[in-house]
Amino acid sequence: MSNTARNDCDINNGNKKRKRKEKKEDIIKNKKARGLEHINHMNKLVPARKSGPDCRCKRFKCYTKIDTRQREMILMNFNDIGNKNEQDAYLLGLMSASPTARHTVNNPQRFRLSSFSYKIRIGLDETVVCLTAFCNIHGVTIGRTRRLQDLMATNIPSPRDQRGKHTENRAKKAPECILNLIRYHISSFPARQSRYSLRDNPNCYYLDEELSVTEMHKLFLSMYHINVSFMVYWSILKKEYKLKFGLPRTDTCAVCNSYNLSIKCAALPETVRILQTEHKLHLCKAEKFNEIKRTKRKSTARKMCMLEFRLHAKLTITTYKNRRCLLCKTALVLCIWHT
Ligand SMILES: [Zn+2]
Ligand SMILES: [Zn+2]
């Protein structure tokens with residue numbers, strides 16, 4: 001294959017990361033933040049965020065001061081923020097706290113230390129509103145506002161989204177013994193290190209190319225009959241192990257790689273056919289060499305020793321096992337007979 005063709009192939013095929021599908025939880029989170037209609041984790045339809053009804057308060061007369069068009073504008077701007085943390089910071093900026101002047105309950109244990117006031121910002125104008133109107137106009141629950149009040153009382157300036165991040169009270173968390181079983185199962189797969197890029201990836205191990213996380217999870221289920229979700233299995237493998245599937249590019253057969261790229265890039269069916277035939281020939285040669293090596297290795301056990309020299313460093317040809325082939329020219333096999 002010419003150099004130009006190879007470069008084209010690299011541009012077309014190389015250095016492109018596989019696009020990952022967006023996670024279901026992220027899709028739900030984003031739609032929720034943007035106030036769009038969505039189906040939640042319980043498979044229930046959640047309608048789009050909309051303003052709540054009139055607060056009918058006599059103190060501020062909130063809905064009289066802010067007309068429908070302005071309320072729609074506020075809700076639209078709030079939805080456009082599209083991120084829960086930023087929305088919370090925005091809401092926090094519209095709230096202010098002051099020491100409680102007068103307690104309305106008799107029980108001192110239920111005394112609130114601070115009282116809060118709320119405002120709505122339209123352009124440069126700020127209008128004071130009641131809590132109900134504040135929640136209804138932004139389409140948020142009172143619970144969300146209460147959480148922000150607690151953060152304000154404890155001097156936490158920037159709210160953090162804590163959904164799904166709790167470490168305690170996790171009823172569905174897999175127990176440690178099951179996690180250990182998963183670790184044991186992952187470790188039971190034979191993993192090998194890269195031969196040629198060991199210095200670049202010293203801690204990286206490679207599993208068989210026929211395997212995948214899905215396959216490993218299926219094997220785990222069939223072996224132990226414990227209902228462990230794919231996500232639990234996957235997260236342990238991802239967080240605690242540095243495993244990859246197949247072989248690194250440096251360990252694969254250079255000739256095969258070049259044929260595969262040329263076949264992908266070839267425009268004419270005739271060229272594809274020729275390349276496929278040449279590749280087949282290369283595989284046959286490799287298989288023949290493999291066969292010789294196998295027979296020699298068998299006889300080695302009995303009456304001779306076999307020395308195998310890898311010549312890749314000088315010949316710049318790689319020799320390791322690709323999907324179907326072993327390249328034949330790269331190893332010099334020297335057999336010494338026992339006397
Ligand atoms: Zn009101
Ligand atoms: Zn090959």
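**View 1. Arg56 in the loop between E2 and H3 of the predicted model.** Arg56 counts as exposed because 11 C-beta neighbours lie inside 10 Å, and the limit for that class is 12 or fewer. Its place is in the loop that links strand E2 to helix H3. Arg56 is not a glycine, yet its phi is positive, at about 55°. Most residues other than glycine have a negative phi.

**View 2. Asn43 in the loop between E1 and E2.** Strand E1 covers 38-39 and strand E2 covers 45-46, with Asn43 in the loop between them. Asn43 also has a positive phi, about 60°, although it is not a glycine. Asn43 counts as exposed because it has 6 C-beta neighbours inside 10 Å.

**View 3. Lys65 of helix H3 and Thr127.** Helix H3 spans residues 62-65 and includes Lys65. The C-alpha atoms of Lys65 and Thr127 are 8.0 Å apart, with a separation of 62 residues along the chain. Lys65 has 14 C-beta neighbours inside 10 Å and therefore counts as partly exposed.

**View 4. Strands E3 and E4.** Strand E3 (residues 95-99) and strand E4 (residues 114-122) run antiparallel and are joined by 5 bridges. Pro99 has Ser114, in E4, as its bridge partner.

**View 5. The hairpin of E4 and E5.** E4 is also joined to strand E5 (residues 125-129) by 5 bridges, and these two strands run antiparallel. Arg121 has Glu126, in E5, as its bridge partner. The hairpin has 2 residues between the strands, and Gly123 takes a positive phi near 65° there.

Terms used: Residues are numbered from 1 along each chain as its sequence is written. Chains are lettered from A and ligands numbered from 1 in the order in which they are written. This is a predicted model: local features need pLDDT of at least 70, side-chain atom pairs count only at pLDDT 80 or more; totals for chains, interfaces and linings use all residues. Two strands pair if DSSP finds at least two bridges between them. Helices (H or I, at least four residues) and strands (E, at least two) are DSSP runs, numbered from the N terminus. A residue is buried if 20 or more other C-beta atoms lie within 10 Å of its own, exposed if 12 or fewer, and partly exposed in between; C-beta atoms are placed from the backbone.
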